[in-house]
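Have the chains coloured separately and follow along.

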Amino acid sequence: MAKGQSGQGPGEFDFVRQTLDAAALAGRLTGPAGCRAAIGFAELYAYATEPAHAPRAELLLALDEDERLRGDFAALLRTTASIHLPQAAAASSGALSAREAEGCRITFRDSKADAAQIYVIIELADTSAPAPGSLFVCGADQTVRKIALPEAQDGRIQLLLEADSDLVQGLRDIDTEVFLR
Amino acid sequence: MDVVSAEELLIEEGKSGELIAVFQAVQETTINDLPKFSRKTCHELARSIACRSYGTALVELCYMLVAASACDRIGGRFESFFWDSGAARASAFRAYLQAAEPLPDGIAADGAGVTVVTGDDTFTVTYGRMPFLSAMVEFLMTALGYEVLDEQVRPLLGGVPSRASITETANAISRQLYDYLKDHLPTAHTQRKTHELLDFLGARGTGSGPDLVDDPGILEFWLGYSAEADERGDFKTYQGVFEAAVQLRRVLQYAFERYQMTGARSIGADREAGEIDPAAIEEAVAAMEEAVEPLQRLAESPLDEIKFLNGREAGLAGDVALGPGVAPALAHSVLRNAVFGKAQNRITNALRHGGLDDGLIDGAPEADYNRQLKSYGDLLGRVETTLLAVFYGLAHGRRAETIDLVLALRPDIDLAGLKDSDEPEWEDDNVVLLHATSAVDRFFDGLAETGRKTGPLGKLMGEARKAFRGNARQGFSEDDLGDDDILDGYVDGASALLALHKELSDFVDGAGRIDWPDHFDRDTSIFHQHFRILYGGADG
C-alpha cells in the first residue's frame, strides 16, 4: 500500500477522516439543536396512557396537523386501550342514544336540572378488572379528544357534560371510534 | 480533499434538521421532570446512528422486545416495559423484570440480565445495555413511527419466536432505518477544518502516528491558513485550529494504539476498497468522547450538586484535560492557546462590539507562560485538596471506595497494619472473603479512632479532615456527610477528579522542565505580528 511521507497509508487517513466526520455528526445530533424538538414518542405514550397527563399545546397541534402522528396515536390506542368501541353499524343514523362493545356500554341521558347538559353513563361488564381512567374519541377526520374519567362505582362511571360539547357530539357520532384506557 | 459548496451544505442542513429534531426529543424526554436518558446514553445512541453501526444493537433490541412482551402476561405488549418503567437505568429495568417474574418458559432474568432461549441458542441482554436499547426504541418510534414499527415487531410478541424470526425482524427494522437515514443523515464532509489540517500535517510529514500533530505544525498551519476564509473552512482563530488539532491527535492516538497504524494491520473489512467497519469508527468516536468525559461529568447532573471545581478552575482544567497524553505532548500549544488564543478571543469580541484598539492587538497578554503554568500547578493543588476532602467524606460514611481512594492518593502507603496477626492465611476463597471484610472493618475503625494522627493512615486522615473542614463549598458541609446522594457523588466525583489530577500532574511535571521565557518572547512577537495581519493595527 502506498504511504505518505509520515508513514500513514491512504486507507489509514480514510479511517481518521471518517472518524472525525462521525464524531462531528454525533456531536451535531446531541449538541444544541437550533430547532424545535420533534414530538417524542414518550410524550405521545404519556398522553395515551396517563389520565392526568396534561398535554403540551405543541402535542395537540401536532396531532391536528401531522397525519403520521395521528396514525401513530390511533394505533397506540388500539394496542393499549382496554376497551374499543368501533364505528357504529352502517345502519345507524343520526345521533346515537347508546353505543356498545364487548365489555362496555355507553348511554346518554338528558339532565333534568339543566337541558343544556347530558349524562354520559359508562357501564363496565367486568367489575373486577381495573376501571379505565381515560376516554378517547377519535373522529373520522382523525381528530382526537380525551377526557379523564372519575372513579367507577360498581362498574359504572357517570359524567355530566355539556350536550353540545365536541366530546358529546363525538361520542354520539356514528363515524367515531371510542377507546377506554 | 473534497470541497463542499455552500449550496451542498444548505441541502445537507435541510436533510438533517428532522433527524436533529428527533434527537432533541430523545434528549428532552423526561420522567418526573428529570431526563429519562443520561447524557452518556444519548451520546452512545448518536454515535451508533452517525456511524451507522446499529446492526448488532437492533438484534439485541429484538431480543429485548421478546422479553418486554413476556412481562405483560395479559396482552403480551412491549410498551409498558419501556415507557412505564421510569428513568432508563439498569436498576429500573432489573426491578421491572424481577416484578414480572415468573417469566414464561424460554425467558429468564438473572443477576446479569435477561436471557432468551430459542432452540439451542441463548441470547442475554444485560441490564447495563437496556438504557441504550430503551433510547434506541424511543428514537425509532419517534423517527420511523409507532404504527410502522408495531407492525414490524408483531412476530416477536406473545411468546418466544425462532432465532430466524428475531434476526429477520432486526434486519427489516435495519432496512427501514437505513432508508430513513439515507434521507436525513448528512453525507458531506462536516469536518473540513480537521481534514485540511490532516492533509497539511501529513504532507509536512515530520512525525508519525499521533506525533504527526505537533506544536510547530499547529502554529505553522495557523500562520499559513488563518488569513484565508474560503470554502475550505475558517482557520482564523488559533483556538479553533488548536481544538481541531487536539481532536485529530486523539483520533490518531487511538488509531495508533488500537491498530498500530503503520500499515501492519488493516482496519475494517476491506480497507483497500475504502470500506471501513462502522463498528471500528464508532469505537474510535467513543474513545474520543471518553477522553474528555471526566471534566464533563463534574459539570453535569448529578455531580454538579457538589462544587468540586468552581467556574474558573473548570476553565483552567479544560485547557489541559484534553485526553490522556494529549496536553503533555502539545504543551507549547496548550500554553499558546491559553495565553494568545484567549488574547485573540478578546480581539474578536472587541471587533464584534466595535471597540477594537491597538492596545488589544499589541498589548501584553494577561499572563506569560510561567504564570499560566503556575495557575495549572495551583489547580493541581486544589484538586489534591478536594480529593482529600472527598476521602474524608467517604471514610466518614465507611464507604468501601475509601480504600481505593487511599491507594490512588498514596500509592506507596503501607496497609500491612490492617492485617490481624492472629488470623491464619487461609487459602479457602470463602474464608479469604471474611478475612477481607474484617480488614475493611479494621481500616475504618482505625481511621475513626479519635485523635489518631500517627502512622501513614492517621496522618492522611488528619490532612483529609483539615481539607474537608477548610472546604466551604457546596456539598462539603458536616450535614452533607449524612446524605447518601452526596456520598454517591463523592464516589463518582473521585474517579473524575483522579483522572483530572493525572492529566494535570503529567502536564505540569512535563511542562515544568521547559525553560519558557524565551519561547514566550518569541511567541509574543509572532502572535502580535500575525494579529496585525489579521486585524490591522498600527502597522497593519
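## Aromatic pairs

Counting over all chains, there are 35 aromatic pairs in the structure. Keep in mind that this is a predicted model. Start with Tyr63(B) and Phe123(B): their ring centres sit 4.0 Å apart with the planes at 0°, so this pair is stacked. Tyr63(B) belongs to helix α3 (residues 55–71) of chain B, while Phe123(B) is in strand β5 (residues 121–126) of chain B, so the pair ties together parts 60 residues apart in sequence.

Now hop over to Phe340(B) and Tyr369(B). Here the ring centres are 6.0 Å apart and the planes stand at 85°, so the pair is edge-to-face. Phe340(B) comes from helix α16 (residues 331–352) of chain B and Tyr369(B) from helix α18 (residues 369–396) of chain B, so parts 29 residues apart in sequence get tied together. Both Phe340(B) and Tyr369(B) are buried.

## The ring cluster

Phe340(B) and Tyr369(B) also belong to a cluster linked by ring pairs.

## Two crossing helices

Next up, a helix pair in chain B. The axes of α9 (residues 192–204) and α11 (residues 238–259) of chain B come within 9 Å and cross at roughly 75°, which makes α9(B) roughly perpendicular to α11(B). On the α9(B) side, the contact is made by Lys193(B), Thr194(B), Leu197(B), Leu198(B) and Leu201(B). From α11(B) come Gly240(B), Val241(B), Ala244(B), Ala245(B), Gln247(B) and Leu248(B). Sort the residues of this contact by type and you get 7 nonpolar, 3 polar and 1 charged.

## A sheet in chain A

Over in chain A, 4 strands make an open sheet, ordered β2-β3-β4-β7, with antiparallel pairing. The edges are taken by β2 (98–101) and β7 (156–162) of chain A; each has a single partner strand, so one side of each is left without a neighbour in the sheet. On average, neighbouring strands of this sheet are turned by 15° against each other, direction ignored.

Which strand does β7(A) pair with over 7 bridges? That's β4 (residues 117–124) of chain A, running in the antiparallel sense. To find one of the bridges, look for Ile122(A), whose bridge partner in β7(A) is Ile157(A).

Terms used
Residues numbered from 1 in each chain as written. Chains lettered and ligands numbered in written order. Predicted model: local features only at pLDDT ≥ 70, side-chain atom pairs only at ≥ 80, totals over all residues. Heavy atoms only, no water. Pairing = 2+ DSSP bridges. Axes fitted to C-alpha atoms, helices over the stretch in contact; angles between N-to-C directions. Phe/Tyr/Trp six-rings, centres within 6.5 Å; stacked < 30°, edge-to-face > 60°. Buried < 20%, exposed > 50% of the residue type's maximum accessible area, 1.4 Å probe, protein only. Parallel < 35°, antiparallel > 145°, perpendicular 65-115°, else oblique. Contact = heavy atoms within 4.5 Å. Nonpolar A, V, L, I, M, F, W, Y, C, P; charged D, E, K, R; others polar.
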